[in-house]
Amino acid sequence: EDVFTRWFKDEDEGEEGVEGLVNAASALQMKDGTRAGRRRFWTPRRRHSHHAHNPHVHNPHVHNPHVHNPHVHNPHRHNPHTCAVAGGATCAACVAQMQRTANDQCTACNAGYRLEGHACIAWGCAPAAGTGCATCIAQESRTADNQCATCNPGYHLQGTACVAWDCEVAAETGCKVCAAQEARTKKDHCAECNPGYHFDWHAPFGCIPWTCETGEGPACRLCKDQDKRTGVNQCAECNSGYYEKIANLGGACFPYDCTEGDNGTFCKKCTEQADRTAEEECKECNPGYYLEDGHCLGWTCE
């Protein structure tokens with residue numbers, strides 16, 4: 001009975017089986033007596049490699065038509081997601097190929113468009129009444145919604161937004177009545193001025209005061225109150241020798257006139273202008289006439 005037969009026979013006997021194997025090995029060494037024999041006995045058997053071919057075990061280095069390999073052409077694999085770079089609502093720049101989950105996924109948009117997720121959306125603008133646009137700026141120039149190129153009547157541009165021309169009713173140079181919104185072309189565009197004020201033709205539809213200057217001669221000695229004026233240089237009082245004609249609603253002062261002559265009731269010499277209090281006020285009469293209350297009268301004879 002050889003060594004291995006005895007060992008396998010004793011294998012199930014625990015420590016005795018192990019001891020039997022040791023004894024059997026010693027006996028074999030003594031029998032062989034050579035180093036080569038010992039080497040042959042104690043050289044362990046090469047274990048079975050898990051990489052050995054087994055048709056039921058997956059080996060990544062062996063082609064298996066039933067296992068997906070990304071490096072092997074598969075006619076049933078989906079086509080890659082595409083992305084076109086062009087003008088308008090298409091992408092200016094695309095998501096990297098390996099990061100796409102759908103076609104036409106953008107990371108940047110063309111001028112006039114904004115990025116929402118991975119899509120390019122146009123900045124919108126539609127003409128509308130009031131503060132809406134009369135016309136919009138070109139699509140490629142837009143950086144927000146509703147950017148205007150022109151505004152509706154009564155409104156003006158601030159940047160690219162339309163805002164209303166404001167108007168406040170106020171005293172003095174303010175408006176008594178504002179123009180209708182659609183008629184306004186400036187701030188404080190008046191339809192009517194306060195009493196004593198009028199439209200400024202150098203700054204249309206603004207209100208300025210009627211002016212009045214005092215001075216000598218035909219100038220006013222005293223001007224009318226501002227709210228009583230309806231024109232320039234409207235006097236409340238005139239200088240001596242001047243008067244305000246009742247028919248003249250402008251309030252200007254006119255001189256008392258006096259005509260000199262060398263005969264009849266004409267004044268030989270008129271009263272000085274500043275001393276006159278009436279028309280044809282004489283200081284001296286022609287021969288045959290006498291002075292009475294500033295007038296020349298003829299001597300009578302019966």
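Which handedness does the link of C109 and C120 have about the S-S bond? With -95° about that bond, the link is left-handed.

1. A word on the basis: this is a predicted model, where local features need pLDDT of at least 70, side-chain atom pairs count only at pLDDT 80 or more, and totals for chains, interfaces and linings use all residues. Residues are numbered from 1 along each chain as its sequence is written, and side-chain values use heavy atoms, leaving out hydrogens and water.

2. The whole structure holds 15 disulfides (pairs of cysteine sulfur atoms within 2.5 Å). One of them joins C109 to C120, with 2.1 Å from S to S. C109 sits in strand β2 and C120 in strand β4, so this pair ties together parts eleven residues apart in sequence; strands are DSSP runs of E, at least two residues, numbered from the N terminus. Both C109 and C120 are buried (under 20% relative accessible area, with a 1.4 Å probe and protein chains only; exposed is over 50%).

3. C258 and C270 are also joined by a disulfide, at 1.9 Å from S to S. Their link is left-handed, with -90° about the S-S bond. C258 and C270 are both buried.

4. C235 belongs to strand β14, residues 235-238, and its 2% relative accessibility makes it buried. Beyond neighbours within four places in sequence, its contacts include C220, C223 and C253 (heavy atoms within 4.5 Å). The C-alpha atoms of C235 and C220 are 5.1 Å apart.

5. C301, finally, is exposed, at 77% relative accessible area.

How values were computed: Helix = DSSP H or I, 4+ residues; strand = E, 2+ residues; numbered from the N terminus.
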